[in-house]
Amino acid sequence: IRQNSLQDLYKLHKNKEPITVITAHDYITGRFAEASPGIDAILVGDSLSMVAKGHPSTLELDFDDFYHSTASVLRAVREKFVIVDMPFGSFEESVEQCTRSAVKLMKLGKVGSVKIEGSYEMTDRIRSLTNAGIPVTGHIGLQPQKFNMLGGFKAQGRNALGALDIYKQALHLQKIGCKMLLFECIPEKVAAFITDRVDVPTIGIGAGNSTSGQVLVMADALGMSDGKKAKFVKSYLDINSLAVDALTRYSADVKSKSFPNSELHTYPMKDEEFDEFE
Ligand code: KIV
Ligand code: NA
């Protein structure tokens, strides 16, 4: 199997076939994504800070922790394109720090793009990565790493001025070399307007149905978390309930001594000599 390249995603975009992206945060979720034929790309998102590590936001996520989680996902990857987030704290200090962190992630292998939240303020960093041959995915609209400045996790660009600002950010990101754009929580109209006016593929989450592709957090899509879900999420499964039910049945079996079953789950002796000791 050949791994999808950026060119393969561009081909989908050119043919107006929606690009399907799903996040993964470890080897198991990586395998789920890899085994699903219609998935085009895996995002190792820093949302794993919440869904896999139990933090309240993406800010607490440690780079080394994220790095090792990314490596776990990559062990499952065969053919899917992989986009990796730049976690909070790994790129803010300087262009050099940003480049060093991105290079480290690229050195894991199988990574096709790194994603950075922001626009104008990231210009030098994005140029440096692009010059190093690292395709950058720009992330605008709601930028969860900036929730303290935004006053929470709110949809962005809901008035004309805000929408125009996001449009300009998108044009800027394309101009400085971003190979894809991700829009989080912006009105469908705004995402459609921008998608019509840029050449690079746009991936949306909470951005309506006119972007070149969609991304969901796997924990949301599969109902792995028990928290309340955002308006833009569609859950295709309730793994949380299924898992809790299954573990309840397991413990009931242990308590009632119906598991393990002597016939099904135990190793019989290969000879009968041991019987003499009874
Ligand atoms: O970290 C993540 O999962 C993301 C998606 C919400 C786009 O950045
Ligand atoms: Na993210």
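**Close-up views of a predicted protein–ligand model**

**Figure 1. Parallel pairing of strands S3 and S4.** Strands S3 and S4 run parallel and are joined by three bridges; strands count as paired if DSSP finds at least two bridges between them. Helices (H or I, at least four residues) and strands (E, at least two) are DSSP runs numbered from the N terminus. Isoleucine 83 has serine 113 of S4 as its bridge partner. The model is predicted: local features need pLDDT of at least 70, side-chain atom pairs count only at pLDDT 80 or more, and totals for chains, interfaces and linings use all residues. Residues are numbered from 1 along each chain as its sequence is written, while chains are lettered from A and ligands numbered from 1 in the order in which they are written.

**Figure 2. The two faces of strand S4.** Five of the five residues of S4 are buried, where buried denotes 20 or more other C-beta atoms within 10 Å of the residue's own, exposed 12 or fewer, and partly exposed the range in between, with C-beta atoms placed from the backbone. Ser113, Lys115 and Glu117 point one way from the strand, and Val114 and Ile116 the other way. In a regular strand the side chains alternate between the two faces of the sheet.

**Figure 3. Valine 114 and the largest nonpolar core.** Valine 114 is in contact with Val84, Met86, Ala102, Leu105, Leu129, Ile134 and Val136, leaving aside neighbours within four places in sequence; contact means that the C-beta atoms, placed from the backbone, lie within 7 Å. The largest nonpolar core holds 56 residues, such a core being a set of buried Ala, Val, Leu, Ile, Met, Phe, Trp, Tyr and Cys residues joined through C-beta atoms within 7 Å. Ile22, Ala41, Ile42, Val82, Val114, Leu181 and Val215 touch the most other members of this core. In soluble globular proteins, nonpolar side chains tend to be buried together.

**Figure 4. The shell around ligand 1.** Ligand 1 is surrounded by Thr23, Leu43, Gly45, Asp46, Ser47, Asp85, Leu182, Glu184, Ile205, Val215 and Val217; a residue belongs to these surroundings if its C-beta atom, placed from the backbone, lies within 6 Å of the molecule. The shell comprises five nonpolar, three polar and three charged residues. In this classification Ala, Val, Leu, Ile, Met, Phe, Trp, Tyr, Cys and Pro count as nonpolar, Asp, Glu, Lys and Arg as charged, and the others, Gly among them, as polar.

**Figure 5. Aspartate 85, a member of the ligand 1 shell.** Aspartate 85 lies in strand S3 (residues 81-85). Aspartate 85 counts as buried because 26 C-beta neighbours lie inside 10 Å. Not counting residues up to four places away in sequence, aspartate 85 touches Val44, Gly45, Asp46 and Lys115. Aspartate 85 and lysine 115 are 30 residues apart in sequence, yet their C-alpha atoms are 4.7 Å apart in space.

**Figure 6. Strands S6 and S7.** Strand S6 (residues 180-184) pairs with S7 in the parallel sense over four bridges. Leucine 182, one of the residues around ligand 1, stands opposite isoleucine 203 in S7. From strand S7 (residues 202-205), Thr202 and Gly204 point one way and Ile203 and Ile205 the other way, and all are buried.

**Figure 7. Two residues other than glycine with positive phi.** Cysteine 185, in the loop between S6 and helix H9 (188-197), has phi near 50°. Cysteine 185 is buried because 22 other C-beta atoms lie within 10 Å. Lysine 110 has phi near 65° and is found in the loop between helix H5 (95-106) and strand S4 (113-117). Lysine 110 is partly exposed because 18 other C-beta atoms lie within 10 Å.

Figure 8. A cis peptide bond with omega of about -5° joins phenylalanine 259 and proline 260. Proline 260 is placed in the segment after helix H11 (239-255). The domain assignment of the protein chain gives domain 1 (6-238) and domain 2 (242-277), with bounds that come from an automatic or database assignment. The C-alpha centres of domain 1 and domain 2 lie 45 Å apart. Along its principal axes, the C-alpha trace of the protein chain spans about 85 × 40 × 35 Å.

Terms used: Two residues are in contact if their C-beta atoms, placed from the backbone, lie within 7 Å.
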